[in-house]
Amino acid sequence: MKIHAMGTGYHHESDFHIVRPNGSGDNLLVIFKTPAFAVADGNRVDVPADTAILYSKNAPQDYGACGVEYINHWIHFECDENDIFFDSLGIVFNKPAPVGEVSAVESLLELLRIESLSDTAKSRECCALLLRLVIAQALAGSGGRSGNPHSGELKRLRAEIYGDPGRRFSISEMAEGLSLSPSYFQTLYRSEFGVSCYEDVLRAKTGLAEYYLSGTSMTVREIAELCGFDNDVHFMRQFRKRTGKTALEYRRNAE
């Protein structure tokens, strides 16, 4: 995924109306923060605040205010709409849907906004990962709170993990940051996301390593260090476990 432009908390007058019959030429995620309307399948639908819509490329875009001040968040970006990511989460294009965990989405958007200010290979990869989390949290949420009192904190932590994969994350330090014991922290994390915190950290690091292997000529040792592994041996073992390939095999296939 590649971000073209984004905005958060944009305010407009009560007559605000966007009409793009042929779309914007890229994908667009809009999150309505005030009551609004959106035309879907040729029908106008009035939607409440905290509703989102994900437009496919070249799909007509027709949405706006419902007679009151209008506020929204938006992201223009490119993606592969056939990516299994969308099907696996049941995400539907061009149809309004209630945002799942609003506070988590807005925390992710803030991290994404900050990260998007840099223009480096690492920041672009982090933005792509954060954007996936924003879409998943906005459009694949349960529509309500999980019942876990630490849910919001855990989601912010997960965004940090995927937003900065090269950082060395410690279970004890992450648990301490949430004022939890390491064992209880790990139990809550797995319950919230269906995966262990340790595995999430390694998945984020592996994703960043894949980017460096396919897009740079850096050595395996250099990549291992940038991705926050203790050494290149540990990196190679964990990389092969998650991709089924050695780092060099992955690079050759990418080339």
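**Group meeting talk: a walk through a predicted model**

Hi everyone! Let's begin with overall size: a compact globule of 255 residues would have a radius of gyration near 18 Å, and this protein has 20 Å, which agrees. That radius is taken over C-alpha atoms, and the globule rule is 2.2 Å times the number of residues to the power 0.38.

A word on what we are looking at. This is a predicted model, where local features need pLDDT of at least 70 and side-chain atom pairs count only at pLDDT 80 or more, while totals for chains, interfaces and linings use all residues. Residues are numbered from 1 along each chain as its sequence is written, and side-chain values use heavy atoms, with hydrogens and water left out.

Now the overall picture. Along the principal axes, the C-alpha atoms fill a box of roughly 60 × 45 × 30 Å. The protein has 10 helices and 9 strands; these are DSSP runs, numbered from the N terminus, with helices being H or I of at least four residues and strands E of at least two. Of the 255 residues, 47% count as buried. Buried means under 20% relative accessible area, exposed means over 50%, and partly exposed is in between, using a 1.4 Å probe and protein chains only. Take contacts between residues at least 6 apart in sequence: 74% of them join residues at least 24 apart, where contact means heavy atoms within 4.5 Å.

Next, let's zoom in on Gln61, in strand β7 (residues 61-65). Is Gln61 buried or exposed? Gln61 counts as buried, because its relative accessibility is 1%. Its side chain makes a polar contact of 2.6 Å with the side chain of Arg20, and another of 3.0 Å with the side chain of Ser24. A polar contact is a pair of N or O atoms within 3.5 Å; within protein, one must be able to donate a hydrogen and the other to accept it, and residues adjacent in sequence count only if both atoms are side-chain atoms. Leaving aside neighbours within four places in sequence, the residues in contact with Gln61 include Ile18, Val19, Leu28 and Tyr55.

On to some backbone angles. Most residues other than glycine have a negative phi. Asp41, though, has a positive phi near 55 degrees. You'll find Asp41 in the loop between β4 (36-40) and β5 (43-47), and it is exposed, at 78% relative accessible area. Ser179 also has a positive phi, of about 55 degrees, without being a glycine. Ser179 sits in the loop between α5 (171-177) and α6 (182-193) and is exposed too, at 69%.

Helix α6 also holds Tyr184, which counts as partly exposed at 43% relative accessibility.

Finally, the largest pocket. Its space is about 470 Å³. On a 1 Å grid over the protein atoms alone, a pocket is an open set of points where a 1.4 Å probe fits, with protein on both sides within 12 Å along at least five of seven lines, and lining residues have an atom within 4 Å of a point. Grid points are joined across faces, edges and corners, and the volume is the space filled by probe spheres set on the points.

Which element gives the most to the lining? That is α7, with 7 residues. The lining has 18 residues in total, and Leu129, Tyr162, Arg203, Ala204 and Gly207 lie nearest the centre.
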